Amino acid sequence: MSTLTIEGWCKTSPDQKSTPMGEISFDVDGPLHLRLEQAEERLQKTHEREAMVDVDMNTLDLMLPEGYGPLSDCQMRVYLHHERGQFHMVGHRASDGSLIYTNAVLIDQLL
């Protein structure tokens, strides 16, 4: 299992600029890691732009900065950059639907 702590961002509406919100921490367990790798492989074969991977909120152990949670939904967005798979967490704040997301991480950097 990998525990990641990544810079997070909040976007309150589509026409607003994203604002930094501090660090977001979450766990990537073995099953999620496997689904991320499978999504990367599928994108390499199909040349789709991106894939969304569902997460199990019970094993994610998501920690948001104060005032930004809870989330109404959460997924991992997987995409290719120079043929390497990257992902970042995306979700929506339950209170107002604001987009919450993290910076990207290379899938092959996970342990």
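This is a predicted model: local features need pLDDT of at least 70, side-chain atom pairs count only at pLDDT 80 or more; totals for chains, interfaces and linings use all residues.
His33 is found in helix H1, where helices (H or I, at least four residues) and strands (E, at least two) are DSSP runs, numbered from the N terminus. With a relative accessible area of 15%, His33 is buried, a word that stands for under 20% relative accessible area, while exposed stands for over 50% and partly exposed for the range in between (1.4 Å probe, protein chains only). Residues are numbered from 1 along each chain as its sequence is written, and side-chain values use heavy atoms, with hydrogens and water left out.

**Helix H1**

- The buried residues of H1 are Leu32, His33, Leu36, Ala39, Glu40 and Leu43, and they cover an arc of only 120 degrees around the axis, which puts them on the same side of H1; the arc is that of the directions from the helix axis to the C-beta atoms.
- An α-helix has 3.6 residues a turn, so residues three or four places apart point the same way.
- The elements against which the buried residues of H1 pack are strand S2 (19–28), strand S3 (50–54), helix H2 (57–60), strand S4 (71–81) and strand S5 (84–93), where contact means heavy atoms within 4.5 Å.
- At the start of H1, the backbone nitrogen of Leu32 has a side-chain oxygen of Asp29 within 3.0 Å, and just after H1, His47 takes a positive phi of about 65 degrees.

**The chain as a whole**

- The chain has 2 helices and 7 strands, which follow the pattern β-β-α-β-α-β-β-β-β when read along the sequence.
- The radius of gyration of the chain is 14 Å, close to the 13 Å that the globule rule gives for 111 residues, so the chain is as compact as a globular protein of that length; the radius is taken over C-alpha atoms, and the globule rule is 2.2 Å times the number of residues to the power 0.38.
- Taken along the principal axes, the C-alpha atoms of the chain fill a box of roughly 40 × 30 × 20 Å, and buried residues make up 41% of the 111 residues.

**Cysteines**

- A search of the whole structure finds 0 disulfides, a disulfide being a pair of cysteine sulfur atoms within 2.5 Å.
- The sulfur of Cys10 is too far from the closest cysteine sulfur for a bond, because that sulfur, in Cys74, is 14 Å away.
- Cys10 counts as buried at 4% relative accessibility, and Cys74 is buried with a relative accessible area of 9%.

**Backbone features in the loops**

- Most residues other than glycine have a negative phi, and most peptide bonds are trans.
- Asp61, which lies in the loop between H2 and S4, has a positive phi of about 50 degrees although it is not a glycine, and Asp61 is partly exposed at 46% relative accessible area.
- His82, in the loop between S4 and S5, has a positive phi near 55 degrees and is exposed, with a relative accessible area of 68%.
- A cis peptide bond, with omega about 0 degrees, joins Gly69 and Pro70, and Pro70 lies in the loop between H2 and S4.

**His92 in strand S5**

- His92 has its place in strand S5 and counts as partly exposed at 32% relative accessibility.
- Leaving aside neighbours within four places in sequence, His92 is in contact with Pro70, Leu71, Ser72, Asp73, Gly97, Ser98 and Leu99.
- The side chains of His92 and Asp73 are joined by a polar contact of 3.0 Å, meaning a pair of N or O atoms within 3.5 Å, of which, within protein, one must be able to donate a hydrogen and the other to accept it, while residues adjacent in sequence count only if both atoms are side-chain atoms.
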